[in-house]
Amino acid sequence: MFTRRQTRLLEILLNNVQGVTGTKLAEYLEVSSRTIRNEITEINRAWKNGSIIRSSRQKGYFIEENDIPSVREYFLSEEHGKAADEASQRGWMILGLVLQSGRADIFDIGNVLGLSQPATYKEVSRFQKKLLAEYQCELLQMSGDRIWIENDEVKIRQLLFRIIKNEAPSRNRHYSWFLQTFLMEAFDRMEYDWMVGLVKDYFDGKGVQVSDDGLYMIVSAVYLTIVRNCQNHKVVLPAETKSQEEELAQFFTFLKEQGFALGSGDLLLLEGLFQGFKLTTKEAADSKISDLSILILEDFCHDVMEKYHFDLWQSQSFYDNILNHIEYMMRRMGTGYEAKNPILNEVKKQYPYAYEISMLMVPIVYRYKNCYIQDDEISFIAIFVEHFLENINQKLKAVILSSTRFSINSIVSNWVEANFSNQIDILDMLPKHSLEKYLAEHPVDLVISIMDSFVHPTVAAFRVDGIPNQYTLAAMNALVYKIRMNYRFREIIKEHFNKNTISVYRRKVEFEQVIQELSQALKETDSIYDVDEFVNDVLQREVNYPTFVGDWFMIPHPLVTFAKKTAIGVAVLKEAVRLQGKEIQLIFLLAMERKQNDQIGVLFEFFRHMASDRSAISRLTAVETEEEFVEVLLKVSNSLEIC
């Protein structure tokens, strides 16, 4: 049995047959290269048929082609289903033992788990805290040697549905593991597999394309309901009500026709869960979109346009896909079965700009529903937004200084269009003598000169000699890289970093104190309106939506409070502040005005790359003065491989 990290490492190698370097694996798993080496040694030691992971200088770490089938077999096996953290498994087993009759003896639980009495008390206490922290539930009660459940069957089933939905990965055997743990000897694997096939055939016949997770969760919920009923744990709810969803009503009718004993209360609870799944054909799903979802998306598109100047309406596919997601997101919020994103932290680290744009959804939903959406749901929206940003990109504005030969002009303009359509927007083609007048009237990032050397004091220039070739392509890519990140980042530093809002803390300080003092500095530079309002919003945001980027720095900023002008406060912490298990050494406090500013996107891109470079953090935290910080920041931006 492997740990989660070891299993994830195997999965990465299985999906990258060409090999992965140790550095990349360390970046993916957010650990050191030394940890990767240790984990691989442990996997090879524990693998039943000998070493499975090989290495070479050319490929890095990889799995031999003839070993791949055995690794795939592992992922389909029961053994893989037990790869979760052992302590977490003990908690679910404790819950399963108590569920049988509603109470259990601490000694009996210890005997089953093979734990001493003190260790059993500790495990129960730890699991109680987990339920409270992650599920806001005080299901298990403990006094003396007795443990019992006080909640009624409605709350118990809703909790079990949520646990299975959140904790079981998208593999059938993981769902069955939870069912076996909660139902003990009442669980019949053959019966469960038969039901999976039955429900799958029903959806196939209806033309409903349900995900693996959706299929296994639906079957697991129905199976758990039936078994709990057989164990005389009945649900008592008001008189029978017909499902408002036609597709759900048909599905429930189908289940009853198979002889499954499901009462009106059972169906009402199942409907609350199933409303968050797409159980319709695509055509039918489009017709189920509510007016509220459309209103929320329209407000979101408007706010994104106003603040970031991205026209989300221009992509119909993006609009349709995210509208469908919002519809089911709102349903999940209404029923309490919100989705968990297993790559939440990876999304926040890899797509910080898209995540920040997606945060505009928070006040919109609160305005209509008077509640906050979870961080996981925001990260799902960020994935949609990142896809949109990648498609449209932030193009550099360029002009071409034309040659006297029309054919050469045509070759160069077509070459730029063919190779840089996602990076460069050609505004115009004009003679050299018209350039200064054009630059005075239009913002331009790049001047492309044909057959003539050209140097401009403020605008980057690129010379194309004759017919472009592979060397021209490489040189242009290098210049685009420099303009988009390094050159433009210098402008950001000049505009938004002020030595009066940079502080070097040589003594131990609290996070709240840093935010208070940086906010006061932003106020003194006339960047924000009110210090108290700004500080409170920043601290409140950190409670629900932490702004960690990697393990060493964070970018706190308000959720709804906008600034007079965009500015950045910086805290260099010689003694790290410990927050949620992370040792924070750098804090970038962002104050953003409510208007379009694409430079913020460049800044977030810089933060994303800096999160993966421990040496960059070390260089910045080693500075002794505010002026030195700005100098080192420029050098760090030049050294990072930002693309």
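Asn-370 lies in the loop between α20 and α21 (375–392). The structure is a predicted model, with an average pLDDT of 84 for the protein and 91% of the residues scoring at least 70.

**Confidence**
- Mean confidence is lowest in helix α5 (residues 78–81), at 52, and highest in helix α25 (residues 511–524), at 95.
- Where pLDDT is low, the predicted coordinates should not be read in detail.

**Packing of α2 and α3**
- Helix α2 (residues 22–29) packs with helix α3 (residues 33–46) at an angle of about 100°, and their axes are 8 Å apart.
- Because angles from 65 to 115 degrees count as roughly perpendicular, α2 is described as roughly perpendicular to α3.
- On the α2 side, the contact involves Gly-22, Thr-23, Leu-25, Ala-26 and Leu-29, which meet Ser-33, Ile-36 and Ile-40 in α3.
- This contact has 5 nonpolar and 3 polar residues, and no charged residues.

**Helix α20 and the residue after it**
- In helix α20 (residues 361–369), the buried residues are Met-361, Val-362, Ile-364 and Val-365.
- These residues cover an arc of only 165° around the axis, so they are on the same side of α20.
- Asn-370 follows α20; its phi is positive, about 60°, although Asn-370 is not a glycine.
- Asn-370 counts as exposed, at 57% relative accessibility.

**Gln-136**
- Most residues other than glycine have a negative phi.
- Gln-136, by contrast, has a positive phi near 50°.
- Gln-136 is in the loop between α8 (117–135) and β4 (140–143).
- With a relative accessible area of 56%, Gln-136 is exposed.

Methods:
Residues numbered from 1 in each chain as written. Predicted model: local features only at pLDDT ≥ 70, side-chain atom pairs only at ≥ 80, totals over all residues. Heavy atoms only, no water. pLDDT = per-residue confidence, 0-100. Helix = DSSP H or I, 4+ residues; strand = E, 2+ residues; numbered from the N terminus. Axes fitted to C-alpha atoms, helices over the stretch in contact; angles between N-to-C directions. Parallel < 35°, antiparallel > 145°, perpendicular 65-115°, else oblique. Contact = heavy atoms within 4.5 Å. Nonpolar A, V, L, I, M, F, W, Y, C, P; charged D, E, K, R; others polar. Buried < 20%, exposed > 50% of the residue type's maximum accessible area, 1.4 Å probe, protein only. Arc of directions from axis to C-beta.
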